[in-house]
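Trainee: I would like to go through the terms used for this model. Please set each value against its cut-off.

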Protein chains: 2
Amino acid sequence: MDFFYEFASTYSYIAAMRIAPIAEAAGLTVRWRPFLLGPIFKAQGWDTSPFNLYPAKGRYMVRDCEREAAANGLTFRLPEPFPQNTLLAARVAVGGLEDGWGEEFSRALYRAQFAEGRQVGDPQVIGEIVDALGQNGAAALVRAGSDDIKQKLRANTEEAQRLGIFGAPSFIADGELFWGNDRLEQALARARET
Amino acid sequence: MDFFYEFASTYSYIAAMRIAPIAEAAGLTVRWRPFLLGPIFKAQGWDTSPFNLYPAKGRYMVRDCEREAAANGLTFRLPEPFPQNTLLAARVAVGGLEDGWGEEFSRALYRAQFAEGRQVGDPQVIGEIVDALGQNGAAALVRAGSDDIKQKLRANTEEAQRLGIFGAPSFIADGELFWGNDRLEQALARARET
């Protein structure tokens with residue numbers, strides 16, 4: 001199953017913290033696919049998160065994420081500003097996934113952002129998070145600037161768009177799109193059937 | 001618990017077909033509150049359903065509603081055109097709820113629209129649906145045009161807006177807003193606690 005996530009996405013945070021043990025219990029392998037919602041939102045005329053564009057929806061999202069996080073033993077707070085710039089973090093994740101520490105980095109980045117309220121657009125913060133995993137933060141940041149990594153992240157975003165993805169998290173199981181943290185279990189069930 | 005529903009809303013259909021037995025099993029009374037999303041959407045700059053404004057989201061919604069409907073033993077099809085004009089149906093529901101047949105009417109109206117693909121903006125179709133419940137369709141249509149009923153529907157929509165409602169279905173339990181068919185169980189659980 002493919003797990004498309006955007007670091008700025010609040011519900012992707014909850015899904016990212018939930019997915020590994022559930023997938024493992026189901027005997028499924030999950031392919032982590034960081035991507036950017038920015039270009040997809042821009043294509044439909046949005047220049048920021050819909051939670052900023054539609055304040056009633058934004059206020060509800062915070063309340064709902066607090067409830068959903070609490071139900072999963074997680075803390076939730078909205079970072080300031082919201083959304084954070086997640087381009088660099090996504091590129092670091094692409095490199096980390098190739099080197100085997102990308103999932104752990106993704107969870108750590110989410111925790112820093114949505115539990116601790118850190119500035120995860122800041123290269124220094126990202127480097128510290130990588131270092132804390134026992135990896136080389138400085139090297140990861142350099143690699144994140146390479147054409148190879150930039151192109152791979154762009155490819156993820158283009159594939160997401162081709163697959164009809166319009167939000168995050170999104171799961172692709174057996175060619176079917178499932179959108180939202182609420183659909184994680186259904187996506188896994190579908191992947192298990194096939 | 002209050003159940004705010006809009007007849008044109010696909011996920012309100014599924015929630016409306018599910019809510020009565022679940023609430024009864026939980027020993028809870030549900031107050032059915034038909035309202036109009038149109039004025040709320042207009043206030044945020046939309047002149048039609050977000051599922052039309054954002055086609056990728058619209059395509060996904062159809063697929064997701066088919067899956068959710070099937071999981072609940074229901075049929076789902078998108079009516080043509082979508083959304084239907086639901087002003088008259090909502091007014092008839094307000095009258096029917098006062099007379100004790102509004103819930104049954106609401107379910108029948110939803111079934112006609114989303115299972116049978118009927119034109120539920122058509123007064124004749126609405127009248128037939130009321131007649132089929134053993135009530136007086138012609139009288140219900142006349143009453144739907146009264147200032148009293150118009151005002152009561154307007155009051156529901158205004159209250160929805162005041163409560164921070166931005167979509168349907170929405171549930172209010174213990175003053176907390178829960179949005180979406182996916183949150184029905186959580187809303188009932190919250191209502192049960194209080």
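Trainee: This is a predicted model. What makes Asp174(B) count as exposed?

Mentor: The count of neighbours. Asp174(B) has 11 other C-beta atoms within 10 Å. Exposed means 12 or fewer. So Asp174(B) is exposed.

Trainee: Where is Asp174(B) found, and what is its phi?

Mentor: Asp174(B) is in the loop between strand E3 (170-173) and E4 of chain B. Its phi is positive, about 55°, although Asp174(B) is not a glycine.

Trainee: How do you know whether Asp174(A) is buried or exposed?

Mentor: By the count again. Asp174(A) has 11 other C-beta atoms within 10 Å. The limit for exposed is 12 or fewer, so Asp174(A) is exposed. Asp174(A) sits in the loop between E3 and E4 of chain A. In that hairpin, two residues lie between the strands, and Asp174(A) has a positive phi near 55°.

Trainee: Why are E3(A) and E4(A) called paired strands?

Mentor: Count the bridges. E3(A) and E4(A) have four, in the antiparallel sense. Pairing needs at least two bridges, so the two strands pair. Within this pair, Phe171(A) stands opposite Phe178(A) in E4(A).

Trainee: What makes E1(A) and E2(A) a pair?

Mentor: Four bridges join strand E1 (residues 2-5) of chain A to E2(A). At least two are required, so E1(A) and E2(A) pair. They run parallel. Asp2(A) stands opposite Arg31(A) in E2(A).

Trainee: What holds paired strands together in general?

Mentor: Strands of a sheet pair through backbone hydrogen bonds, either parallel or antiparallel.

Trainee: What is the strand order of the sheet in chain A, and which strands are called edge strands?

Mentor: The order is E2-E1-E3-E4 (chain A), in an open sheet of four strands with mixed pairing. Strand E2 (31-34) and strand E4 (176-179) of chain A each have a single partner strand, so one side of each has no neighbour in the sheet. That puts E2(A) and E4(A) at the edges. From one strand to the next, the twist averages 20°.

Trainee: Which helix packs on this sheet?

Mentor: Helix H10 (residues 184-193) of chain A does, touching strand E3 (170-173) and E4 of chain A. The direction of H10(A) makes about 15° with that of E3(A).

Trainee: What makes Phe7(A) buried rather than exposed?

Mentor: Phe7(A) has 29 other C-beta atoms within 10 Å. Buried requires 20 or more, so Phe7(A) is buried. Its place is in the loop between E1 and helix H1 (10-25) of chain A.

Trainee: Which residues does Phe7(A) touch, leaving out those up to four places away in sequence?

Mentor: Among them are Pro34(A), Thr86(A), Ala89(A) and Leu109(A).

Trainee: Where does helix H1 of chain B bend, and by how much?

Mentor: H1(B) (residues 10-25) bends by about 40° at Ile19(B). A proline, Pro21(B), follows within four residues. Buried residues of H1(B) include Tyr11(B), Ile14(B), Met17(B) and Ile19(B). The buried residues of H1(B) pack against strand E1 (2-5), H4, helix H6 (102-115) and helix H10 (184-193) of chain B. After H1(B) comes Gly27(B), with a positive phi near 70°.

Methods
Residues numbered from 1 in each chain as written. Chains lettered and ligands numbered in written order. Predicted model: local features only at pLDDT ≥ 70, side-chain atom pairs only at ≥ 80, totals over all residues. Axes fitted to C-alpha atoms, helices over the stretch in contact; angles between N-to-C directions. Contact = placed C-beta atoms within 7 Å. Bend = angle between axes of the 7 residues up to and from the residue.
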